[in-house]
Amino acid sequence: MELKKMRITAILFGVLISSWGFSQELSKETRIDSVSVFFNFGSSTPKDKSALMKRINALGKNLTGRIRLISYTDTVGGLDANRKLGSKRLISIMDLISKTNLRNFATDTLNMNERHRGKLLTDEEYRRVDLIIYRIDMTFVYDQPINLKIQFQNATDVLLTGAYNSLNTLYYILQQDPTLKIQLNGHVCCTPHYELSLKRAERAKNYLVKKGIDPARITCVGYDNKVKLVEETSPANEAINRRVEVVFIKNELR
């Protein structure tokens with residue numbers, strides 16, 4: 001009886017707030033700088049580390065954001081050797097960033113190796129790592145559901161390609177503010193399936209926990225198929241309703 005009552009309460013609550021899930025975003029990204037760091041032939045040590053650190057620190061303190069690192073190499077030598085060199089250069093830049101004001105920024109890397117995207121530059125110009133720096137401003141509102149825009153294969157809790165972008169952003173937000181707790185709301189389309197809706201929320205939770213978030217900070221709720229974002233008049237609309245939402249809860253007991 002208690003479980004049934006909880007399901008009914010969740011459904012009623014979801015009906016009241018589901019329309020908010022479309023308009024809210026987790027965060028807003030703004031590109032604030034980009035710079036290319038060059039290396040000597042065969043070297044993984046930046047040519048001018050002090051200048052780069054000064055430029056990064058000039059962006060300010062107490063910022064939240066992420067850094068995209070893209071490594072390129074020249075075409076001299078073997079492909080495998082250049083791949084390893086490109087990786088060493090990425091590690092070198094990440095180590096340098098760890099000593100700056102942006103050391104808490106999330107960092108993602110791409111080793112392009114000898115792939116030059118059709119651009120005609122000299123070998124010297126390809127011995128580099130590009131840094132693209134983004135400030136992240138949190139835009140969510142507490143106690144309101146936000147559609148994570150992660151979707152699932154029909155009738156399963158298997159995440160579709162692209163789902164991890166939002167989950168990684170959510171992980172980063174939780175990592176930056178340990179006072180936050182969240183509720184993950186799982187949904188299905190088409191026909192009732194409470195257990196699957198809960199499994200979808202739990203799949204998202206498991207991903208965050210594996211990355212290091214305390215499971216005690218995450219509550220999962222299944223909403224069955226009772227809270228629709230759109231009418232299920234097409235396969236595309238059905239896919240939209242197969243989703244997980246997040247509700248941010250400020251932990252006052254800190």
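The legends below describe close-up views of a predicted model. Residues are numbered from 1 along each chain as its sequence is written, and side-chain values use heavy atoms, with hydrogens and water left out. Local features need pLDDT of at least 70, and side-chain atom pairs count only at pLDDT 80 or more, whereas totals for chains, interfaces and linings use all residues.

**View 1. Overall fold of the protein.** The secondary structure comes to six helices and eight strands; helices (H or I, at least four residues) and strands (E, at least two) are DSSP runs, numbered from the N terminus. The order of elements from the N terminus is α-β-α-β-α-β-β-β-α-β-α-β-α-β. Of the 254 residues, 44% are buried, that is, under 20% relative accessible area; exposed means over 50% and partly exposed in between (1.4 Å probe, protein chains only). Among contacts (heavy atoms within 4.5 Å) between residues at least 6 apart in sequence, 81% join residues at least 24 apart.

View 2. The mean pLDDT, the predictor's confidence in each residue from 0 to 100, is 86 for the protein, and 89% of its residues reach 70 or more. Helix α1 (residues 2–17) has the lowest confidence, at a mean of 36, and strand β7 (residues 218–222) the highest, at 97. Over residues 1–23 pLDDT stays under 50, and the model has 25 contacts beyond four places in sequence for this stretch. Where pLDDT is low, the predicted coordinates should not be read in detail.

**View 3. The open sheet β5-β8-β6-β7.** Four strands form this open sheet, in that order and with mixed pairing; two strands pair if DSSP finds at least two bridges between them. Strands β5 (145–147) and β7 stand at the edges with a single partner strand each, so one side of each has no neighbour in the sheet. On average, neighbouring strands are turned by 25 degrees against each other, direction ignored. Strands β6 (residues 180–186) and β8 (residues 244–250) are antiparallel and paired over seven bridges. Q183 has V247 in β8 as its bridge partner.

**View 4. Helices against the sheet.** Helix α4 packs on the sheet, touching β6 and β8, and its direction makes about 155 degrees with that of β6. Helix α5 lies across β6, β7 and β8 and runs at about 160 degrees to β7. Axes are lines fitted to C-alpha atoms, for helices over the stretch in contact, and angles run from 0 to 180 degrees between N-to-C directions.

**View 5. Aromatic pairs.** The structure holds four aromatic pairs; rings of Phe, Tyr and Trp (its six-membered ring) pair if their centres lie within 6.5 Å, and planes under 30 degrees apart count as stacked, over 60 as edge-to-face and the rest as tilted. The rings of F140 and Y142 are edge-to-face, because their planes stand at 85 degrees, with centres 5.5 Å apart. F140 is buried at 14% relative accessible area, while Y142 is partly exposed at 33%. The Y164 and Y207 rings, with centres 5.1 Å apart and planes at 45 degrees, are tilted. This pair links distant parts of the chain, Y164 in helix α4 (residues 163–176) and Y207 in helix α5 (residues 194–210), 43 residues apart. F140, Y142 and F248 form one aromatic cluster.

**View 6. Charges over rings.** The charged end of R66 sits over the ring of Y134, 4.4 Å from its centre. K211 lies over the face of Y171, 4.6 Å from the ring centre. A charge sits over a ring if NZ of Lys or CZ of Arg is within 6 Å of the ring centre and within 35 degrees of the ring normal.
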